[in-house]
Amino acid sequence: MPISSTPANRRHLVPGEPSRRTGLALLCAVLVAYFGFAYDNFFTVSNGLSILMNVSAIAIAAVGAMFLVVSGNVDLSIGGQYALISVIVASFARDQGGLVVAVLAGLVAGLVLGLTNGILVKYMKISPLIVTLGTMAVFKGLAYLVSEGKSVFGFSDAFIFLGRARVNNVPLPVIIAAVVFVAGGFWLLRTSAGLRLFAIGGNQQAARLTGINVDRVVVRLYVLNGLLMGVVAILTTARLGSGTPQIGTAFELDVLTAVILGGVGFAGGSGHPAGVFVGVATIGILGSGLIFAGLADWWQQIFKGLVLLLALGADQIAEHRRARSARDDPPADPSTEAGEPVAAGGSPPPDADDEYGLGVRRAREPGEVVLAATGLARRFGAVFALRDGTFSVRAGEVVCVVGDNGAGKSTLIKLISGVYRPDAGRIELDGRPVEFGGPIDARRAGIETVHQDLAVCPNLGVAHNLILGDEPRRRMFGLIPVRDDAAAVARARTRLASLGITLTDLNRSVGRLSGGQRQSVAIARAMKEDVKLVILDEPTAALGVAQTRNVLRIARQAAENGAGVILISHDIRTVFAVADRVVVLRLGRVVYDDSVHRITHTRLLHLMAGLEALDDATTEDDATTRTGQ
Ligand SMILES: Nc1ncnc2c1ncn2[C@@H]1O[C@H](COP(=O)(O)OP(=O)(O)OP(=O)(O)O)[C@@H](O)[C@H]1O
């Protein structure tokens, strides 16, 4: 797939990977052509309006379903919600007689049902498929219970008018569906909240680490979905003049088919409202055409089921093609993979210990202490993961923390980045004691962590990944708050340039970058303007030599830009290539903390492995060997 470059003045970047299923729009065109030729009355205004009327319910519900599937969730209970809300609305419309009361009852019912689904899915940590399969049955059953299995009718004219009113001969439900669809599509593509749905669908953990409250977003999506089902049920009940528990049978089949047929990936993280529009149109035309053909209900079910299977099959093929093209794509910028190290102040010849040839020259003297950890301890049950974590990091300094497996490195880092609370000891940031209730607190205080699993969203572009959680915004027409992608690109360019990273296409999905480039993006994201400390957890673990060299150069540059850097590594060569100081952990204690110039490879290995007893005085030999002085 050709990758377009990102013009600096592009005002809008589409989030998520393209669906690669635009071919399915053809299905819609073929159906229209076939039914149009086969049946004389198919291409009439009244049939067009009747199709629009019939799909208006699907179109409104498809907006909620699109949001859910993009975020990696699903709601199978919408048919049950449809039936239950319909009989509730009908009961209120009949007994209370008032339009407002019936509408409010429908919206409140939708809100409660959506909230129920959201809470069950998120806080009970159950798969959305299973939860909503269960609630589908419950809601359906309740619809029969509430209505005693009968249709509820006898509404006021005002209520019936809501479903049957026309504006310029266009039914009101069609107009409402169009407004909901356009507003929903705009919200998904153009706002920060919409971008976050794609992020959650692409990598939920990464989204969470950028500070997005994933649970809250997902619960809200289910609530919104319930509200939209409220709108659908109100309009249909008013139009039909009755509420019945049979309504909504196989409705979820129609809606999900439209959404998946329309290119929304079932795995989450991709999709476009224009595709969903085509999906909805296809379902509407197919439904109408099958009625024209005079086929019985069960044939319609069979056809729609087959179309859903076709859509899911196409989704699988599209996923496969996406993965293959990501594998086959050349790195976006070979220069960032094999580029020569650029150290501040020029590139001195690499010394003997600098096996990566970084040629680091410290242009800046370490500044004030940014982080001071004293006596940090943490145990898990009977296991002392960390007994005495005492060390400090200065601004502009790279401190490598090394140690054998189980030495306590990750625990130390998790205490500093707010993942765990220490059992004992204290952390000072810029000379002030701090206590973190969670990672978000640490990030707010200026501590950024690049985790080993990178925590980037592979389905989002470079610029979108860099701004996630702190998206620049602007007001469209001075009124509507939207994401400011031009500012996002500008911010991304500045950030990448400050670290010497050259990626020209900032709209390229991060999943299509090489491992080294992905790591560079993750580090760049951590390098916020006000960052004080950057923690890099094994940043070169899975990289080749050229990529490792590049990532280490970027880590070094982060320090040269003024941040304190903690780098966890198992690789001794990394330590000597990039560190100012090295901290060795052994069995939960700091057993060495000194300049990298005062230790040899051998002694460092011995300390890590516990082969050398703690020796206060670093031997003269060691120091001489390393520094060559
Ligand atoms: N959540 C936990 N529950 C129980 N034990 C834990 C937990 N986290 C760490 N430990 C234990 O604490 C010790 C230190 O673990 P830690 O992960 O901090 O070491 P590490 O130096 O990062 O190791 P590695 O290099 O293998 O990742 C180990 O014995 C580990 O099994």
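The protein chain is divided into domain 1 (38-324), domain 2 (348-446 + 531-629) and domain 3 (459-529), with bounds that come from an automatic or database domain assignment. The C-alpha centres of domain 1 and domain 2 lie 53 Å apart. This is a predicted model, in which local features need pLDDT of at least 70 and side-chain atom pairs count only at pLDDT 80 or more, whereas totals for chains, interfaces and linings use all residues. Residues are numbered from 1 along each chain as its sequence is written.

**Overall make-up**

- The protein chain holds 23 helices and 16 strands, where helices (H or I, at least four residues) and strands (E, at least two) are DSSP runs numbered from the N terminus.
- Of the 629 residues in the protein chain, 49% are buried; a residue counts as buried if 20 or more other C-beta atoms lie within 10 Å of its own, as exposed if 12 or fewer do, and as partly exposed in between, with C-beta atoms placed from the backbone.
- Among contacts in the protein chain between residues at least 6 apart in sequence, 76% join residues at least 24 apart, a contact being a pair of residues whose C-beta atoms, placed from the backbone, lie within 7 Å.

**Nonpolar core**

- The largest nonpolar core has 175 residues, of which A61, A62, V259, A555, V565 and V582 touch the most other members; such a core is a set of buried Ala, Val, Leu, Ile, Met, Phe, Trp, Tyr and Cys residues joined through C-beta atoms within 7 Å.
- Leaving aside residues up to four places away in sequence, A61 touches I78, L228, M229, V232 and V255.
- In soluble globular proteins, nonpolar side chains tend to be buried together.

- Around the ligand stand F380, V383, A385, G403, N405, G406, A407, G408, K409, S410 and T411, a residue being near a molecule if its C-beta atom, placed from the backbone, lies within 6 Å of it.
- By class, this shell has four nonpolar, six polar and one charged residues, on a scheme that counts Ala, Val, Leu, Ile, Met, Phe, Trp, Tyr, Cys and Pro as nonpolar, Asp, Glu, Lys and Arg as charged, and the others, Gly among them, as polar.
- At least two residues of the shell are supplied by each of β6 (383-394) and α15 (409-416), and α15 gives the most, with three residues.
- Eight of the eight residues of α15 are buried, so this helix is largely enclosed by the rest of the structure; the buried residues are K409, S410, T411, L412, I413, K414, L415 and I416.
- Following α15 is G418, whose phi is positive, near 85°.

**Helix α8 and its cover**

- Nine of the eleven residues of helix α8 (residues 192-202) are buried, so α8 too is largely enclosed by the rest of the structure.
- Those buried residues are G194, L195, R196, L197, F198, A199, I200, G201 and G202, and what covers them includes α2 (45-70), α7 (172-190), α9 (204-209), α10 (214-240), α17 (462-467) and β12.

**Strand pairs**

- Strand β11 (residues 473-476) and strand β12 (residues 480-483) run antiparallel and are joined by four bridges, two strands being paired if DSSP finds at least two bridges between them.
- R475 stands opposite P481 in β12, and the two strands form a hairpin with three residues between them, where F477 in the turn has a positive phi of about 55°.
- Four bridges join β10 to strand β13 (residues 533-537) in a parallel arrangement, with I535 in β13 as the bridge partner of T449.

- Most residues other than glycine have a negative phi, and most peptide bonds are trans.
- N168, in the loop between β2 (166-167) and β3 (170-171), has a positive phi of about 50° although it is not a glycine, and N168 counts as exposed because it has 5 C-beta neighbours inside 10 Å.
- N169, also in the loop between β2 and β3, has a positive phi of about 70° and, with 8 C-beta neighbours inside 10 Å, counts as exposed.
- V101 lies in helix α4 (residues 99-123) and, with 15 C-beta neighbours inside 10 Å, counts as partly exposed.

Conventions: Contact = placed C-beta atoms within 7 Å.
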